[in-house]
Structures are given as structure tokens and as C-alpha cells.
Amino acid sequence: ANPMRRAQYKVPGAAGDGELVVFYFGPNQGGPPLDNAQRWAMQFTQPDGGDPLAALKTRTGDIRGIPALFVETTGTYNSGTMSGGPAVAKENWALLGAVAQGGDANWFFKFTGPKKTVEAERNTSVWWRAKFKGIH
């Protein structure tokens, strides 16, 4: 959908479709993993008006030996805010993400969708379940 995306996938779900996007910005680009996780969290408003950063859950681990930061949050997703497009509020959405440390730069994996769709994928995917175990 835009040049920052290396790949994007529609993730079908009974509660509505989600989207998995892969970002790679080039050598020494993209910023630190936690900075990106916090930017992603700021795309979500909390139902109680609370701090989006307080709702952010992270954990470090690895993906087949590659260091990674795993990210999770929920709330009302304000899509478009990162790309500069108009924000569209999507209530009761969730995000699972990972920032993997590549050889010359980080790779960003961001899965967003209706909370029930995201949870269904987490519960059926061995990879997601293993990597996000204990992050709740």
C-alpha cells in the first residue's frame, strides 16, 4: 500500500479481517525497537482514557536465534496516524508485533485487527503462541 511496506497480508477472521505488515527501512534506519513499540502503542486509545504506554506489553526473546522485541496492546486503533493519512477509529482492536534485529537494520512485523481475530490467530498459530507466551 506504500513504499515503507516490504509485504502486507490480509488475515481473515470471523470478527473481521486483520492485517500483517512487514517493514524494513534500510541500513541503519527504523530506530530502536522500543521506540517503535511505543509509537505503535500511541496509535491505540484506551477505553478508560488511560495512558496508551501503560497498556503496552513487551518482552524480549528471539526468533530462531535473532534477537527480537515482542509487542502487544489493545484498545481503539487509530489507523492512518503513522502514515499521515486520516485516522479511522477502530474500536476493540489489538496489535501483536515483533521487531527483529537484522544484520544491518531492524525488521518490523505488525499484526493489527479486531481483537477476536488477533486472539484467534494467537491461539491457533504455534509461532505466535510460543513467542507471546507470558506476555499477557
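These legends describe an overview and several close-up views of one predicted model.

The model is predicted, so local features need pLDDT of at least 70 and side-chain atom pairs count only at pLDDT 80 or more, while totals for chains, interfaces and linings use all residues. Residues are numbered from 1 along each chain as its sequence is written, and side-chain values use heavy atoms, with hydrogens and water left out.

**Figure 1. Overview of the chain.** The chain has four helices and seven strands, in the order β-β-α-β-α-β-β-β-β-α-α from the N terminus. Helices (H or I, at least four residues) and strands (E, at least two) are DSSP runs, numbered from the N terminus. Of the 136 residues in the chain, 41% are buried. Here buried means under 20% relative accessible area, exposed over 50%, and partly exposed in between, with a 1.4 Å probe and protein chains only. The accessible surface of the chain is about 7,400 Å², and carbon and sulfur atoms hold 53% of that surface. These areas come from the Shrake-Rupley method with a 1.4 Å probe; for residues, only the protein chains shown count as cover. Among contacts in the chain with a separation of 6 or more, 52% are between residues 24 or more positions apart. A contact means heavy atoms within 4.5 Å.

**Figure 2. Strand β2 and its two partners.** Strand β1 (residues 5-11) and β2 run antiparallel and are joined by six bridges. Two strands pair if DSSP finds at least two bridges between them. K10 has E19 in β2 as its bridge partner. The hairpin of β1 and β2 has six residues between the strands, and in this hairpin G16 takes a positive phi near 125°. β2 also pairs with strand β7 (residues 106-114), again in the antiparallel sense and over six bridges. There L20 has F111 in β7 as its bridge partner. Because six of its seven residues are buried, β2 is largely enclosed by the rest of the structure.

**Figure 3. The hairpin of β4 and β5.** Strand β4 (residues 57-63) pairs with strand β5 (residues 66-79) in the antiparallel sense, over seven bridges. D62 stands opposite P67 in β5. Two residues lie between the strands of this hairpin, where R64 takes a positive phi near 50°.

**Figure 4. Salt bridges.** Three salt bridges are found in the whole structure, each being a side-chain nitrogen of Lys or Arg within 4 Å of a carboxyl oxygen of Asp or Glu. One of them joins the side chains of K10 and D17 at 3.6 Å, N to O. K10 is exposed, at a relative accessible area of 62%, and D17 is partly exposed, at 37%.

Another salt bridge joins the side chains of E72 and R122 at 2.4 Å, N to O. This pair links distant parts of the chain, with E72 in strand β5 and R122 in helix α3 (residues 115-124), 50 residues apart. E72 counts as buried at 7% relative accessibility, and R122 counts as buried at 3%. R122 also forms a salt bridge with E119, with the closest N and O atoms 3.2 Å apart. R122 and E119 are three residues apart in helix α3, and so are separated by about one helical turn. E119 is partly exposed, with a relative accessible area of 22%. Together, E72, E119 and R122 are linked in a network of salt bridges.

Figure 5. In soluble globular proteins, nonpolar side chains tend to be buried together. A nonpolar core is a set of buried Ala, Val, Leu, Ile, Met, Phe, Trp, Tyr and Cys residues joined through side-chain atoms within 4.5 Å. The largest such core has 14 residues, of which A37, W40, F44, L56, V71, L95 and F108 touch the most other members. The elements that give two or more residues to this core are β2 (18-24), α1 (33-41), β5 and β6 (88-101). A second, separate core has six residues, among them V11, L20, F111 and V118.

**Figure 6. Aromatic rings.** Rings of Phe, Tyr and Trp (its six-membered ring) pair if their centres lie within 6.5 Å; planes under 30 degrees apart count as stacked, over 60 as edge-to-face and the rest as tilted. By this rule there are six aromatic pairs. The rings of Y77 and W93 are stacked, because their centres are 5.6 Å apart and their planes are at 15°. Y77 lies in strand β5 and W93 in strand β6, so the pair ties together parts that are 16 residues apart in sequence. Both Y77 and W93 are buried. Elsewhere, ring pairs link F23, F25, W40 and F108 into a cluster.
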